Amino acid sequence: MKLILFFGAGVSAPSGLPTAAELIDKIMHGAYHQKGSHVYAPGPNTDPALRATDLTPRIRKLLKVVMAHDIRDRGRVGYYRVGTGFKSSGAIYRVSTTYEDVFFLCQQISLWNIGLSDNSLTTPFMEMIERRARHCLVGRTIQERMWDLAMLGSQACDLIETVIADMLRRKYSAGLDLLLELATTQQIEQLNIVTLNHDTLVEQFLSAHGVEFVDGFGPPDGDVRWSDDKVFDGAMTRVQLFKLHGSVDWYRFSGSPRTAILLGNNPYTARDDAGKQLTPMFGRPSFLSGINKVTSYQRGIYADIHFRFHQLLRTSDQIVMSGYGWGDTAINFQLDKWLEEGKQNRIILLYETPERLVDGSLILESCWDACIKSGQLACINKYFQDVSLQELQAVLNTSVPKP
């Protein structure tokens, strides 16, 4: 049996990774300071001379305005008639404002100023934010303030990604015992782990238990491992790992088109086997943020990884899914198409209250009843860390009923 094991952020919770609310709180209130141009670091700014030019306080004032706008907007959309008046349904599939929503809006602000905005709604949005954020903007004219707003929006993206990367650099502690059983049981010929998570808990767990896996990167070259999609071709290793949204240990270095896994902790001191100093292109790792991350799915290493995911869907008929809230529309379309194309294709959801997942996804809500009835969606009402191999095997060994 070839099995896809599909992970979302929920599987990392037992190891103490932060919730969405904790991430937002850290972005807004955590001890961070500006270390250099577009570079942020944890801790307070201890240099009095640099403290006056540190953009972090102004960025957080802007983020507060952007968050308030998003929260207000979520509650206003969707008018419908009630008697002689109207009510609003609110955003049906968005129950909260996350760091990804805020990142997306700040990214639009940044792109607007360099002429890369292709949405005519961005300019009126910019003008509205400029009016509401004047207390944190610099400039006497609207052009000066709009430029300053765009600059702050760009810096806000850098701060958000820095905080997220730092918060996700945790050591594995619990929750993945079933993964080891799936990786070693003879029932599974090939285990393909597809994850949307930026953390490295899966890699830590597999390595600690001596499980070999292919991850799309070549052998060590000094302090890094360079991406090499060809390692998947003809790989004899039973376990393969595909990180669709990148990772907190992926970095880009000047002079190379390839992404690398950093084997150490400091990208600024990394060297290759020949002793050559590697220069990081950014101070932050390479992972996808924001609700418009789909635009990067066909770029660089992400194009290769998503191509492999397409291949997996063509050759697999069972997905075991846990920790995914069905919030990635592009991924949801692929899963929906996969379910429609093969009546034998099935997703086994490991979730304590799986019915709640439909609240966050139009795709899942539209197919839920039919797929549950047909057997293409099967549920084990437990989280991944609580499911035994025997419980999962009992479902895996049950075929989808013929219509």
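Predicted model: local features only at pLDDT ≥ 70, side-chain atom pairs only at ≥ 80, totals over all residues.

**Helix α8 and what it sits on.** I started with the buried residues of α8, which pack against β1 (2-7), α7 (177-184), β6 (190-195), β7 (213-214) and β10 (239-243). The helix covers residues 201-208, and its buried residues are Leu201, Val202, Glu203, Phe205 and Leu206.

**α7 against α8.** How do α7 and α8 cross? Their axes come within 10 Å, at a crossing of roughly 60°. I put the pair down as oblique, because angles of 65 to 115 degrees count as roughly perpendicular and those under 35 as roughly parallel. The crossing of α7 over α8 is right-handed. On the α7 side I found Asp177, Leu179 and Leu180 in the contact, and on the α8 side Val202, Phe205 and Leu206. Sorted by class, the residues of this contact are 5 nonpolar, no polar and 1 charged.

**The parallel sheet.** Next I traced the strands. Going into detail, I looked at β1 and β6, which pair in the parallel sense over 6 bridges. Which residue of β6 is the bridge partner of Phe6? I found Val194 there.

**α10 against α11.** α10 has a helix partner as well. Helix α10 (residues 329-341) packs with helix α11 (residues 362-374) at an angle of about 25°, and the axes are 11 Å apart. That angle is under 35 degrees, so I call α10 roughly parallel to α11. This crossing is left-handed. From α10, the contact uses Asn332, Phe333, Asp336 and Leu339; from α11, Ile363, Cys367 and Cys371. I sorted the residues of this contact into 5 nonpolar, 1 polar and 1 charged.

**The antiparallel sheet.** Back to strands. Another open sheet has 4 strands, ordered β8-β9-β12-β11, and here the pairing is antiparallel. Its edge strands are β8 (217-221) and β11 (250-252), each pairing on one side only. From one strand to the next the twist averages 35°. For β8 and strand β9 (residues 224-227), I noted 3 bridges in the antiparallel sense. Which residue of β9 stands opposite Asp221? That one is Val224.

**Met236.** From β9 I followed the chain to Met236, which is in the loop between β9 and β10. Is Met236 buried or exposed? With a relative accessible area of 77%, Met236 counts as exposed, because the cut-off is over 50%. I also looked up how Met236 relates to Asn45: they are 191 residues apart in sequence, and 50 Å apart in space from C-alpha to C-alpha.

**Gln155.** For a contrast in setting, I turned to Gln155 in helix α6 (residues 142-167). Gln155 has 6% relative accessibility, so I list Gln155 as buried. What does Gln155 touch, leaving out residues up to four places away in sequence? I wrote down Gln34, His38, Tyr40, Leu55 and Ile59.

**α1 against α3.** Last entry. The axes of helix α1 (residues 20-29) and helix α3 (residues 56-74) cross at roughly 140° and come within 9 Å. The contact takes in Ile24, Lys26, Ile27, Met28 and His29 of α1, together with Arg60, Leu63, Lys64 and Met67 of α3. By class I have 5 nonpolar, 1 polar and 3 charged residues in the contact of α1 with α3.

Conventions:
Residues numbered from 1 in each chain as written. Heavy atoms only, no water. Axes fitted to C-alpha atoms, helices over the stretch in contact; angles between N-to-C directions. Helix = DSSP H or I, 4+ residues; strand = E, 2+ residues; numbered from the N terminus. Parallel < 35°, antiparallel > 145°, perpendicular 65-115°, else oblique. Left-handed = near helix turned anticlockwise from the far one by under 90°. Contact = heavy atoms within 4.5 Å. Nonpolar A, V, L, I, M, F, W, Y, C, P; charged D, E, K, R; others polar. Buried < 20%, exposed > 50% of the residue type's maximum accessible area, 1.4 Å probe, protein only. Pairing = 2+ DSSP bridges.
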